[in-house]
Amino acid sequence: MTAIEPQENTGTSFRPGVVEPSAVDPVVRSASQAVGGPLGRHAIRPPRRRFWTPLRVVLLSAIVMAGLSWLQKYPCADGGWENFQQYTQYCYSDIRALWGAERLDQGAVPYLDHPVEYPVLTGYFMGVFGLLSHALLGAAGGTLYFHLSAIVLLVMGVAAVAGLMKLRPSRPWDAMMLAAAPTVLFTAMVNWDWLPVMLTVFFLLMFARGRPVWAGVLWGLAVAAKFYPLLIAGPLLLLAWRYRRFRAALIAVSVAAVTWLVVNLPPMIWATDGWLRFFELNSERVIDWGTSWYVLRHFTEPGEPLNEMLNDVPLVNWFYLVAFVVACAAIAWLTLMSPTPPRLAQVAFLVVAAFLLTGKVWSQQYVMWLIPLAILARPQWRVFLVWQAGELFYFFGFYSQLLTVSSSDENPAPAWGLVIPEWVFIVAALARLVTLTILVVAVVRDVRNPSRDVVRATYGTDPDAGPLLPSTGPPTVRAL
C-alpha cells in the first residue's frame with residue numbers, strides 16, 4: 001500500500017496519522033467510560049517503547065478469541081455426541097462430523113475415493129489432515145483430526161486479523177471488530193471458512209498495494225476454497241470501468257482464473273465425478289433453513305401454488321438467480337451512477353450480502369464471509385453490533401430448531417435442551433434478515449453521501465482501490 005502521509009497530532013491519537021476509536025465512534029466512546037473516558041486532547045504521551053501497541057492488543061485479542069472458539073467446540077471434539085450434545089451445547093462442527101461422512105476415518109482420499117461436497121482447496125485441506133490423522137491413529141483419529149484442523153484454521157484467523165490491520169494502517173483498531181466479533185466465537189470452527197476468509201483478506205491487501213499478480217494468485221486460491229470470493233469480480237471490474245483503469249483488474253482476474261484452474265485440474269482429470277459433486281449438490285439442494293425463501297414458504301399452506309413452486313428445486317434455482325441478478329443490477333447502478341465512486345470494500349460487501357439475502361442456502365457460518373468485508377466497508381460499532389446480535393439470535397435459534405426436529409418420543413430431548421416452536425425460529429431468521437438489511441442500508445447511505453464514510457474521511461480516497469486510482473500521489477490521512 002502506498003505510504004500514508006505523516007500528519008501532525010491533532011489529539012485523536014498518540015501516533016500521527018492514527019485514528020483513535022474513542023475519539024470518533026460513539027459506541028467506543030461510551031464504553032471507554034469504564035476505563036476513564038475517551039482519549040483527550042491533553043492526554044500524556046506514553047513512552048516511545050510502550051509494549052501495548054494497537055498491533056499487539058488486537059492480535060492478542062484475536063489469539064484469545066481463537067482459544068475461546070476452540071474451547072467452545074471442545075465438548076464435541078470426540079464425536080460421541082450423546083443426548084443431542086452437539087445441539088444443547090452448541091458445539092456442532094462440520095469438521096468433526098465429516099470425519100466419518102467423508103470416509104476420512106477409512107483413509108479415503110477426497111474426490112478420488114469419495115466425492116466431496118466442498119470446493120477443491122477445502123477438500124485438499126480435509127485430505128491432508130485426514131490422511132495424517134488416519135495414518136497415526138486409524139479410525140480412532142477423529143479427535144486428532146479435529147484438533148489439527150482447528151489449530152491451523154485458528155492461526156489463519158489470527159492472520160486474517162493481521163491482514164485487516166495492514167489494510168487499515170491508520171485505523172488499526174478497526175481490526176478489533178474482527179478479533180472480537182461475537183459470532184466468531186460460535187461459528188469460527190463450524191466449518192473451514194477461516195481458509196477462504198484469510199485468503200480473501202490477503203488478496204485485497206495485495207491488490208491495494210498494487211500487486212495484481214499476487215492478488216490474483218491469492219484470489220484464485222480463495223475461490224478454490226469457497227465460492228463467495230468470486231463475487232468480488234463484479235465490484236472490481238465495475239470500479240475499473242468507473243475509473244477507466246483496467247490493466248490491474250484484468251491481470252488480477254486472469255491470474256485468479258489460471259490459479260483456480262491449476263488447483264482444480266488434478267481432481268477434474270483423475271476424479272471427475274468426485275469433483276463435480278460440489279456443483280451437483282448446489283443445483284440439487286432444496287431451500288435451506290433460515291433463508292428468505294424458507295421464511296416465505298412458512299407463510300404458505302401445503303398445496304397452495306406458491307408453496308408448490310417453493311418446493312420445486314429447479315424453479316427455486318431460477319427464483320433466487322433472478323433475485324440475485326436484480327440485486328446486482330441495482331448495486332451496479334449505484335456503483336456507476338453515485339456522485340463519488342464507492343469504495344471497493346463497500347461494493348464487495350453489498351454483493352456478498354445480496355448473495356446471502358437472496359440465496360436458497362445460508363448456513364450459520366456464512367457470517368464469517370461478511371465480517372471482514374463489513375468492517376472494511378463500514379467500521380462503525382453500533383450497526384455492526386445490531387447485526388451481530390441478529391446473527392447470534394439466529395445461531396441459537398437454529399440449533400434449538402435442530403434439537404426440536406431431531407427429538408422424538410422414542411428419543412426425547414434432554415430436560416436442559418431448549419426446544420422451540422417453529423414461529424420462534426422464523427422470528428430468529430427474520431432478525432438475521434432484517435439486521436443484515438439494516439447494515440446494507442447503512443453502507444448504501446455512505447455510498448450516496450461520502451461525507452458519512454469514516455474510511456474516506458480518514459484517507460481522503462479508497463485505500464483498497466490501489467492501482468485503480470489515478471496516480472496523484474499517496475493518500476493523505478485527514479484528521480477527524
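Guide: Let us begin with Arg-103, which lies in the loop between α5 (94-101) and α6. The model is a predicted one.

Visitor: What makes Arg-103 count as partly exposed?

Guide: Its relative accessibility is 30%. Buried means under 20% and exposed means over 50%, so Arg-103, at 30%, counts as partly exposed. The phi of Arg-103 is near 60°, a positive value in a residue other than glycine.

Visitor: Which class, buried or exposed, applies to Arg-244, and how do you know?

Guide: Arg-244 is found in the loop between α12 and α13. Its relative accessibility is 52%; the cut-off for exposed is over 50%, and therefore Arg-244 counts as exposed. Just after α12, Arg-244 takes a positive phi of about 60°.

Visitor: Why is α12 called roughly antiparallel to α13?

Guide: The two helices pack at an angle of about 160°, with their axes 9 Å apart. Angles over 145 degrees count as roughly antiparallel, so α12 is roughly antiparallel to α13. Their crossing is left-handed.

Visitor: Which residues make the contact between α12 and α13?

Guide: On α12 they are Leu-236, Leu-237 and Ala-240, and on α13 they are Ala-249, Leu-250, Ala-252 and Val-253. By class, the residues of this contact divide into 7 nonpolar, no polar and no charged.

Visitor: Which residues of α12 are buried?

Guide: In helix α12 (residues 233-243), the buried residues are Ala-233, Pro-235, Leu-236, Leu-239, Ala-240 and Tyr-243. These buried residues pack against α10 (194-208), α11 (212-225), α13 (247-270), α17 (313-337) and α18.

Visitor: Why is α18 called roughly antiparallel to α21?

Guide: The axes of helix α18 (residues 344-358) and helix α21 (residues 422-448) come within 10 Å and cross at roughly 155°. The limit for roughly antiparallel is over 145 degrees, and that makes α18 roughly antiparallel to α21.

Visitor: What residues form the contact of α18 with α21?

Guide: From α18 come Gln-346, Phe-349, Leu-350, Ala-353 and Leu-357. From α21 come Leu-433, Leu-436, Thr-437, Leu-439, Val-440, Val-443, Val-444, Asp-446 and Val-447. The residues of this contact divide into 11 nonpolar, 2 polar and 1 charged.

Visitor: What makes Asp-446 count as charged, and Gln-346 and Thr-437 as polar?

Guide: Asp, Glu, Lys and Arg count as charged, so Asp-446 of α21 is placed in the charged class.

Visitor: Which residues have the most contacts inside the largest nonpolar core?

Guide: They are Trp-194 and Phe-349, in a core of 143 residues. Helix α18 gives the most to this core, with 13 residues. Leaving aside residues up to four places away in sequence, Trp-194 touches Leu-153, Leu-154, Met-156, Gly-157, Ala-160, Leu-178, Val-184, Ala-188 and Met-368.

Visitor: Why is Leu-121 called buried?

Guide: Leu-121 is found in helix α6 (residues 120-137). Its relative accessible area is 17%; buried means under 20%, so Leu-121 is buried. Not counting residues up to four places away in sequence, Leu-121 touches Leu-195, Leu-199, Leu-221, Ala-224, Ala-225 and Val-263. Leu-121 and Ala-224 are 103 residues apart in sequence and 5.2 Å apart in space, C-alpha to C-alpha.

Visitor: How do you know whether Pro-414 is buried or exposed?

Guide: Pro-414 is found in the loop between α20 (381-406) and α21. Its relative accessibility is 11%, and since buried means under 20%, Pro-414 counts as buried. Outside the four places on either side in sequence, Pro-414 touches Asn-83, Phe-84, Thr-88 and Leu-403. The C-alpha atoms of Pro-414 and Leu-403, 11 residues apart along the chain, are separated by 9.5 Å.

Visitor: How many helices and strands has the protein, and what percentage of its residues is buried?

Guide: The protein has 22 helices and 0 strands. Buried residues make up 54% of its 480 residues. Of the contacts with a separation of 6 or more, 73% are accounted for by residues 24 or more positions apart.

Definitions and conventions:
Residues are numbered from 1 along each chain as its sequence is written. This is a predicted model: local features need pLDDT of at least 70, side-chain atom pairs count only at pLDDT 80 or more; totals for chains, interfaces and linings use all residues. Side-chain values use heavy atoms; hydrogens and water are left out. Axes are lines fitted to C-alpha atoms, for helices over the stretch in contact, and angles run from 0 to 180 degrees between N-to-C directions. Helices (H or I, at least four residues) and strands (E, at least two) are DSSP runs, numbered from the N terminus. Angles under 35 degrees count as roughly parallel, over 145 as roughly antiparallel, 65 to 115 as roughly perpendicular and the rest as oblique. Contact means heavy atoms within 4.5 Å. A nonpolar core is a set of buried Ala, Val, Leu, Ile, Met, Phe, Trp, Tyr and Cys residues joined through side-chain atoms within 4.5 Å. Buried means under 20% relative accessible area, exposed over 50%, partly exposed in between (1.4 Å probe, protein chains only). A crossing is left-handed if the near helix is turned anticlockwise from the far one by less than a right angle, and right-handed if clockwise.
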